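Dear colleague,

Here is the structure I said I would pass on. My notes on it follow below the entry.

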Amino acid sequence: PQLANQIAAGEVVERPASVVKELIENSLDAGASQIDIDIEKGGSKLIRIRDNGSGIAEQELVLALSRHATSKISDLNDLEQITSLGFRGEALASISSVSRLTLTSKPPGQVAAWQAQAEGRDMAVTVKPAAHPEGTSIEVVDLFFNTPARRKFLRTDKTEFTHIDELIKRLALSRFDVSWQLNHNGQSVRRLPRATTEQARMKRVAMLCGRAFAEQAAYIENSYGALKLSGWLLSPQACQSQAGCQYSYVNGRMMRDKLLNHAIRQAYGERINAEQQPGFVLYLQIPATEVDVNVHPAKHEVRFHQARLVHDFVVSALSDALNQLTG
Ligand code: ADP
Ligand code: MG
């Protein structure tokens, strides 16, 4: 099982930031409202994620570490409408096959916390009692220690940490209801309290995208049938040459989606020149049945069933907004 898991890890676990992404998605799926991330040496020494989510019961710990064990979908029909961030059930098994992973959890209502660890070629899981508040901590130590070829591909600690920080930024811009803390080598890098009011959300946008973006971006909201687009858009005059905030989300998932990017470029069109970069933080809501998220193991891409319709809606919603901004 270790080899099979390591092969799967090749698809999901590219670098420390991909581990952080999978673990945080699990915390979000568990309904966490507070997520604390501790990183040492760019994540190659330590990645620790602690959440206050629903936890994993003692008798489920072994299962959580085994491949293709997911508590999130129970039959194939669920695959047609995925609402959780995870669903493949391979992240924990994959990560634990290429690191020393410890899982500690206490669901609300369970008397004590328990800790699980999988080791060796047979990935045998040992479970023992531990001390932990309600929620889950996952500690990933010495990532890629047993896959030297992958370890060699790690960049400097600084570069790897930059990828992690960028990821936290993207996540924090989609989950204002979650409080985030990010530490690197014992130093606090980001502290983002829960933002439940408009004012608090703008404050977070300013912290993540810069004051200039927060001051110069307009809030937009538009819908067509069940499609809804909202977020912040920089007026053409305010677009600078260096790419600032360029973030888009589909049903809360961060995306680097070609179709969306194309639609955004097209909407800005000739309003900006070749040196200017659009600035946006945009959220597209679309019924789960209208989009396929099971396209890529790391889930960076989606497939829209009615791609043309989605594209044209985004172009027209943004063009309207930009027209108003330019007066
Ligand atoms: P997936 O997210 O695709 O279901 P994972 O391998 O990422 O698969 O996780 C396996 C299972 O472990 C999840 O289905 C979930 O039941 C449990 N789990 C993992 N992380 C957490 C967490 N932070 N809080 C609660 N449950 C978790
Ligand atoms: Mg997962």
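Strand 11 (residues 246-250) is paired with strand 12 through three bridges, and the two are antiparallel. This is a predicted model, so please read what follows as a description of a prediction. Y249 has M254, in strand 12, as its bridge partner.

That pair belongs to an open sheet of five strands with mixed pairing, in the order 9-10-13-11-12. Its edges are strand 9 (217-224) and strand 12 (253-255), each of which pairs on one side only. From one strand to the next the twist averages 20°.

Among the helices, I looked at helix 7, which covers residues 157-172 and has 16 residues. From its first C-alpha to its last it reaches 22 Å, close to the 22 Å expected at 1.5 Å a residue. Which residues of helix 7 are buried? They are E160, F161, I164, I168, R170, L171 and A172. When reading that list, recall that an α-helix has 3.6 residues a turn, so residues three or four places apart point the same way.

For the chain as a whole, there are eleven helices and 15 strands. The chain has 327 residues, and 37% of them count as buried. Of the contacts in the chain with a separation of 6 or more, 68% are between residues 24 or more positions apart.

Regards

Conventions: Residues are numbered from 1 along each chain as its sequence is written. Chains are lettered from A and ligands numbered from 1 in the order in which they are written. This is a predicted model: local features need pLDDT of at least 70, side-chain atom pairs count only at pLDDT 80 or more; totals for chains, interfaces and linings use all residues. Helices (H or I, at least four residues) and strands (E, at least two) are DSSP runs, numbered from the N terminus. The expected span of a helix is 1.5 Å times one less than its number of residues. A residue is buried if 20 or more other C-beta atoms lie within 10 Å of its own, exposed if 12 or fewer, and partly exposed in between; C-beta atoms are placed from the backbone. Two residues are in contact if their C-beta atoms, placed from the backbone, lie within 7 Å. Two strands pair if DSSP finds at least two bridges between them. Axes are lines fitted to C-alpha atoms, for helices over the stretch in contact, and angles run from 0 to 180 degrees between N-to-C directions.
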